[in-house]
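The structure comes first, then the description.

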Amino acid sequence: MSDDKKDSNSKASPSGGGGGITGKALDWKLLGRVMHYVKPYNKTFVVAAFLTVFLAAVALVQPILIQKTLDDYILPGNYPGLVYMSIAMIVVLIIQTAAQYYQTFMTNALGQSVIRDLRIDIFNHITSLRLKYFDRTPIGMLITRTVSDLETIADIFSEGLISIIGDLLLVVAIIAYMLFVDWKLALITLIPMPFLIAATYIFKEAIKSSFQEVRTQVAQLNTFLQEHISGISIIQYFAREDQEYRKFVNVNTKYRDANIRSNWYYSIFFPVVEIFSALALGLLVWYGAKRILTDQELVAISANKRGVTPGVILAFITLLNLLFRPIRQLADKFNTLQMGMVGADRIFKVLDTDEVVANTGHLHPENMDGEIEFKDVWFAYNDENWVLKDISFHVKPGETLALVGATGAGKSSTINILNRFYEISKGIAKIDGVDIRDYDINFLRSKIATVIQDVFLFSDTIANNISLNNPAITRERVIEAAKEVGAHEFIERLPGGYDYNVMERGATLSSGQAQLISFIRALVYDPKILVLDEATSSVDTETEILIQNAIYKLMEGRTAIVIAHRLSTIQNADRIIVLDHGEIKETGTHQELLRIEGGYYRKLYDLQFNSAGIARD
Ligand SMILES: Nc1ncnc2c1ncn2[C@@H]1O[C@H](COP(=O)(O)OP(=O)(O)OP(=O)(O)O)[C@@H](O)[C@H]1O
Ligand SMILES: [Mg+2]
């Protein structure tokens, strides 16, 4: 087992979520939920628990053997018997070592298995949560939950619960044995114990708050680093390196100070334990020696009484060492347990979040025409801050509807509710005359391909980014779709072609290329309805043409709702809806809307396109 000091550092290192350590060391309900995850590994748990009890018992055998060896073999000069005793001691040692090995291995394996299962559950749960949950939950927090908070639960098994039980058993067994051998000697030797327990308690409380501080500072450091590395280009563009450097020094120093503070308690506590242990030893030797002298006379009188012998003293010295080690570690282990409980509490809070996407509908018809109707739709992300107000429109199968409007008008929100990423507050949205809530949600989403404003690419190959690892989508289909979109050539030119590995967020592709990939992604699923949130970022003319052609291709034979920024897309739409502050201001074709003198569309058009030097058709 690792020594106490190392334990303390390993616990200080996981990045904290910032939250305080306030939980009780043992919350039975919480522990019960954790134990639920132990069920599949019941055998391991039982064996580990048995080994723990066994080890506590075996630990006592060694001092007893020492005592017997000295009193019955060495002092009387029984040398042949001494050989047997030595062999017995070696055998006990081997058994003890083997049991220790299995116990350590099994408790660790148990902890890791439990958190593996928990991590799967938490990942599954997180991916099923509504987008709304992520609007107010920092991603860093969720990562902390699934990584470092979970680690603390593994520690419940490897360093916490089972070993605390083992240690307590050992302490009780040692004290009981000492009292049994000679209660007076035992009581005098154990005089420093209450003080030691008090010191341990004080230390436990002090170290608890310092751990909390360390975890808070780690979280700050992590957040700072994560943000600054993600935003490195902004820092460099604006030459903020020096200022950020100073801020970092500050955060880093705070982290160091928190660690030093927590280590300071250890550097006080360990010498204190040493003092008490030396005191106990002193008392033992002083009183023990006195007793040996007086007991010699007693032994002479009554043959069946042995009193305190040199063997007893030697055994007590060994027992004292055995006794002080677990007591010294108990403070640490209780903290480990407590941190595990806090971790468990946080994890179960995430698991208990019931903001999952409600899949109440069951319809999944063979065919879909793709007719869309919004009827008096109201929508708010929060409370009654209406983002969409009384929106009604109707798109016939195969038609294209363009949404235009200033930034924040509610265009993206309109398509977010069609997918049921967010739920409509009032009113109804229908596809093929059926309320979208009546469709099976996975079916609904498979029929609506959504190309969002910010393209997200995973750090995976181009092919996998297109198929999203769906085995139903073959490589041939991917290539076919890429050809349709007109992106095949550029993909082929990449090193490795379709197996080219895209870095996270598509950093190694241009934004135009990333958009094309997201178009192919939509096309391979062959959806009935296309929802396209055109990216506003401008691209070079060549890519622009590619993208325009790709958009035509995507819209062909599909019902489309397009949030259009491109003049070409808008002009070709069957109908245009002008949104302003969540309300429909105007509806019509491009030509119709332009004719409205002083109209929103006309103004928008003049602002957006005329200033860019594009002539009105
Ligand atoms: N996840 C969200 N939580 C709360 N409010 C949001 C959320 N997303 C958008 N909003 C708010 O809803 C309103 C409409 O936003 P929306 O994204 O629909 O605008 P948009 O028309 O797509 O604008 P843009 O052209 O900039 O993309 C804005 O006022 C915005 O602040
Ligand atoms: Mg938008």
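## The largest pocket

The largest pocket holds about 2100 Å³ of space. A pocket here is an open set of points on a 1 Å grid over the protein atoms alone, where a 1.4 Å probe fits, with protein on both sides within 12 Å along at least five of seven lines. Grid points are joined across faces, edges and corners, and the volume is the space filled by probe spheres set on the points. The model is predicted: local features need pLDDT of at least 70, side-chain atom pairs count only at pLDDT 80 or more, and totals for chains, interfaces and linings use all residues. Residues are numbered from 1 along each chain as its sequence is written, chains are lettered from A and ligands numbered from 1 in the order in which they are written, and side-chain values use heavy atoms, without hydrogens and water.

## Lining and domains

The lining of the largest pocket counts 49 residues, each with an atom within 4 Å of a point. Leu131, Phe421, Ile452, Phe456 and Phe458 lie nearest the centre. By class, 22 are nonpolar, 17 polar and 10 charged. Nonpolar means Ala, Val, Leu, Ile, Met, Phe, Trp, Tyr, Cys and Pro; charged means Asp, Glu, Lys and Arg; the others, Gly among them, are polar.

Elements that each supply at least two lining residues include helix H4 (79-128), helix H12 (411-418), strand E6 (448-451) and helix H17 (511-524). Helices (H or I, at least four residues) and strands (E, at least two) are DSSP runs, numbered from the N terminus. Domain 1 (11-352) and domain 2 (372-610) both contribute to the lining, so the largest pocket lies between them. These bounds come from an automatic or database domain assignment.

## The six-stranded sheet

An open, mixed sheet of 6 strands runs E6-E7-E8-E3-E9-E10. Pairing requires at least two DSSP bridges between two strands. E6 and strand E10 (583-588) are the edges. Neighbouring strands are turned by 15° against each other on average, direction ignored. Axes are lines fitted to C-alpha atoms, for helices over the stretch in contact; angles run from 0 to 180 degrees between N-to-C directions.

Strand E7 (residues 529-533) pairs with strand E8 (residues 559-563) in the parallel sense over 5 bridges. H17 packs on this sheet, touching E6 and E7, at about 175° to E6. Contact means heavy atoms within 4.5 Å.

## The four-stranded sheet

The order E2-E1-E4-E5 describes an open antiparallel sheet of 4 strands. Its edges are strand E2 (386-395) and strand E5 (434-435). Strand E1 (residues 372-380) joins E2 through 6 bridges. H12 touches E1, E2 and strand E4 (426-431), at about 115° to E1.
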